[in-house]
Amino acid sequence: MSQTPLSLAFDDREAEYETFEALLSESDSLLVVCHDYPDPDCLSSALALSNIGDALDVSATEIGYGGGISHQQNRAMVNALDIDLAPIESCSLDEYEIVAFVDHGVSGRNNTLPNGFTPDIVIDHHPSDKVDAEYADVRTRVGSTATLLTRYAEVLDVGIDERIATALLFGIHRETLDFTRGATTYEHAAACTLRPAANRSLINTLSNSVFTPETLDGIGNAILNRKVRGSCLVSFIGQITERDILPQAADYLLQLEGISTTAVYGIVADEIHLSARTSNSRLHIGELLDDAFGDIGSAGGHHDMAGGQLPVGLLGEVDTPDDIADDLIDRSVRRRLFDTLDEWTG
Ligand SMILES: [Mn+2]
């Protein structure tokens with residue numbers, strides 16, 4: 001095992017890495033499944049894992065994803081790094097010997113796979129007590145899944161070329177908002193490993209990729225529609241086609257003076273999607289969202305960033321979304337958010 005910043009920072013998991021290597025090298029086909037609306041952390045991890053599969057002579061590797069890729073930076077990343085992705089609906093799970101989840105861990109949660117499906121491999125940094133896989137590596141103390149995949153490539157001695165290094169470093173940059181949110185020594189160590197090979201001008205270009213008009217409108221609506229209670233801000237932005245507007249708006253609004261918690265929600269297709277952020281260290285926004293919505297949908301995440309999806313039928317009688325239905329949805333979600341925030345802070 002090479003002595004690198006990461007090997008110094010990480011626990012010794014030699015036996016686990018050997019299990020992982022044996023599992024992959026004995027297999028002929030690998031499907032890496034991204035979570036829905038994959039972000040750069042997930043995309044780069046999937047790319048790195050499929051590259052490890054190639055290096056271990058897995059003859060067929062594929063990356064599948066659900067939802068869409070609507071965030072301008074994520075689309076730019078997929079294009080610039082030529083990441084080959086297939087919609088998950090077009091992948092048949094039983095054609096692959098190994099199905100691996102990266103940056104998510106449970107079937108049916110933040111992915112479009114059936115409830116109860118058991119993946120062979122899970123590599124993730126999100127807290128979850130329900131992960132079930134032949135090989136599961138869930139390390140919540142690291143700030144990004146890309147950090148873990150950097151370590152796998154190192155340990156298994158799989159070359160980290162410019163494309164992989166650029167993807168993983170961009171993944172870490174985005175996941176930690178340029179090392180300002182949730183970045184640990186592990187992310188800094190991984191960056192030391194990746195930086196020499198990474199194309200830093202491409203990372204700059206990707207970081208500065210332009211907003212789509214819809215993103216700008218969505219953030220504008222989030223600003224206009226904001227409702228503030230104490231240090232908490234929530235905003236409903238109605239029907240949207242680009243789900244990735246939500247985390248961008250939640251991040252942006254967190255910069256408002258006096259605000260330490262934000263939640264932005266909208267309707268994507270036939271679901272309500274939420275994204276929330278907090279800089280209040282006494283809150284765990286992932287658990288808070290689970291408290292607020294766990295009974296009607298799926299919601300959760302980290303202590304400072306989280307998301308969720310709820311069926312629009314939350315209110316029962318709403319079928320064709322219109323202004324009245326939107327208003328009901330807004331009130332109902334807002335009430336649950338504010339009530340749960342009160343319970344946590346009161
Ligand atoms: Mn992640």
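Asn-110 is buried, with 26 other C-beta atoms within 10 Å. A residue is called buried if 20 or more other C-beta atoms lie within 10 Å of its own, exposed if 12 or fewer, and partly exposed in between, the C-beta atoms being placed from the backbone. The structure is a predicted model, in which local features need pLDDT of at least 70, side-chain atom pairs count only at pLDDT 80 or more, and totals for chains, interfaces and linings use all residues. Residues are numbered from 1 along each chain as its sequence is written.

Asn-110 is found in the loop between strand 4 and strand 5, and its phi is near 60 degrees, a positive value in a residue other than glycine. Most residues other than glycine have a negative phi. Ala-269, also not a glycine, has a positive phi of about 55 degrees. Ala-269 lies in the loop between strand 9 (261-268) and strand 10 (271-278) and is exposed, with 12 other C-beta atoms within 10 Å.

## The parallel sheet

Strands of a sheet pair through backbone hydrogen bonds, either parallel or antiparallel. Here, six strands form an open sheet in the order 3-2-1-4-5-6, with parallel pairing. Strands (E, at least two residues) and helices (H or I, at least four) are DSSP runs numbered from the N terminus, and two strands pair if DSSP finds at least two bridges between them.

The edges are strand 3 (86-87) and strand 6 (135-138), each of which pairs on one side only. Strand 3 pairs with strand 2 (residues 60-65) in the parallel sense over two bridges; Tyr-65 has Pro-87 of strand 3 as its bridge partner.

## Helix 5 and helix 7

The axes of helix 5 (residues 145-155) and helix 7 (residues 185-194) come within 9 Å and cross at roughly 50 degrees. Helix 5 is therefore oblique to helix 7. Axes are lines fitted to C-alpha atoms, for helices over the stretch in contact, and angles run from 0 to 180 degrees between N-to-C directions. Angles under 35 degrees count as roughly parallel, over 145 as roughly antiparallel, 65 to 115 as roughly perpendicular and the rest as oblique.

Thr-147, Thr-150 and Glu-154 of helix 5 make the contact with Tyr-186, Glu-187, Ala-190, Thr-193 and Leu-194 of helix 7. Residues are in contact if their C-beta atoms, placed from the backbone, lie within 7 Å. Helix 5 also lies across strand 4 (98-102), strand 5 (121-124) and strand 6, running at about 120 degrees to strand 5.

Note on methods. Two residues are in contact if their C-beta atoms, placed from the backbone, lie within 7 Å.
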